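Q: I have a structure open here and would like to go through a few residues. Can we start with one in a strand?

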Amino acid sequence: MRMNLCAILFVFVMPFGLKAQNLPNEAKTGLLLGLSYGYGLPGKDMAKRFGNHFQAAINLELIQDKYWFAGLESGFFFGGDVKEDVIANLKNADGDILGSNRAIAATYLRERGFQGNLYIGKLIPIGKQKGVQGIRINAGVGMIQHKVRILDEFSSLVQISQDYIKGYDRLTRGLMLHQSIGYQQLDLRKRLNFFALFDFYQGFTKGQRSYDYSTMQNQNGKRLDLLTDFRLGLILPFYFSQNTKEIYY
């Protein structure tokens with residue numbers, strides 16, 4: 001997916017010619033490709049299932065001359081703190097699980113999730129330095145999904161093999177709202193382009209599995225999954241000149 005996006009951008013850019021230099025006065029729009037990584041805290045129903053997490057994200061946005069922008073973003077979040085023991089029913093009185101080889105199985109629970117959204121926003125310039133530095137705010141709507149990943153180190157548990165694992169992973173999905181506020185810099189002299197953001201996600205989700213083997217009931221009730229993240233990201237900008245057939249990056 002990421003390689004295809006880069007290839008499309010390269011093919012689009014080449015006919016016009018590229019010049020790596022400062023943004024000219026006549027350039028009014030640009031494409032910003034961002035890569036970011038951050039740390040987050042869960043809230044409400046999300047906090048009952050998972051602890052803190054990390055997120056890696058990629059975004060592509062179009063910015064206009066008045067510093068309005070619109071874009072799309074996708075992120076993968078993950079963590080090692082799972083509070084709900086989804087395989088509790090497989091454990092014996094000592095808390096162990098015996099595998100098909102009659103040895104104690106080595107199992108680990110992990111958080112895995114994905115979010116994707118479309119957003120619009122505004123960059124409010126501050127200062128008089130060369131380039132654009134300012135407060136960035138944006139809001140969007142999209143989808144969020146998460147589940148419990150069960151790792152069986154020796155692949156000895158028939159109970160969670162193949163499709164059986166769907167009865168334990170508590171796959172959850174739903175509509176998501178997203179807001180961000182932070183600082184963004186497009187430095188035309190040093191080419192240090194980055195952002196630092198606080199993100200707020202509200203997921204209106206429900207379980208996607210019809211039956212959960214651990215609780216012996218369904219897990220498809222309505223949920224409110226909240227996440228609060230702090231992310232740092234690098235930006236690769238491509239600026240479009242209005243008066244020439246050139247793109248500056």
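A: Start with E73, which is in strand β4, residues 68–79. Keep in mind that this is a predicted model.

Q: Is E73 buried or exposed?
A: E73 counts as buried, because its relative accessibility is 7% and the limit for buried is under 20%.

Q: Which side chain does E73 join in a polar contact?
A: That of R231, and the contact is 3.0 Å.

Q: What else does E73 touch?
A: Leaving out residues up to four places away in sequence, the contacts of E73 include I58, N59, Q115, Y119, H178 and Y201.

Q: New topic: the largest nonpolar core. Which residues touch the most other members?
A: I87, L109 and I150 do, in a core of 19 residues. Strand β6 gives the most to this core, with 3 residues.

Q: And what does L109 touch?
A: Among its contacts are G80, V82, V86, I87, V148 and I150, again not counting residues up to four places away in sequence.

Q: What about a second core?
A: There is a separate one of 11 residues, and L32, Y119, L123 and Y239 are among them.

Q: Now the surface. Which residues form the nonpolar patch?
A: I124, I126, I135, I137, I181, F198, F200, F230 and L232, with about 740 Å² of accessible area together. The elements giving two or more residues to this patch are β6 (131–152), β8 (193–207) and β9 (222–241).

Q: Where is I126?
A: I126 is in the loop between β5 (107–125) and β6. I126 is partly exposed, because its relative accessible area is 40%, between the limits of 20% and 50%.

Technical notes:
Residues numbered from 1 in each chain as written. Predicted model: local features only at pLDDT ≥ 70, side-chain atom pairs only at ≥ 80, totals over all residues. Heavy atoms only, no water. Patch = residues over 30% accessible without salt bridge, like charges linked within 9 Å, V, L, I, M, F, W, Y side chains within 5 Å. Areas by Shrake-Rupley, 256 points an atom, 1.4 Å probe, with all protein chains shown as cover. Salt bridge = Lys/Arg side-chain N within 4 Å of Asp/Glu carboxyl O. Helix = DSSP H or I, 4+ residues; strand = E, 2+ residues; numbered from the N terminus. Buried < 20%, exposed > 50% of the residue type's maximum accessible area, 1.4 Å probe, protein only. Core = buried A, V, L, I, M, F, W, Y, C linked by side-chain atoms within 4.5 Å. Contact = heavy atoms within 4.5 Å. Polar contact = N/O pair within 3.5 Å; in protein donor to acceptor, adjacent residues only side chain to side chain.
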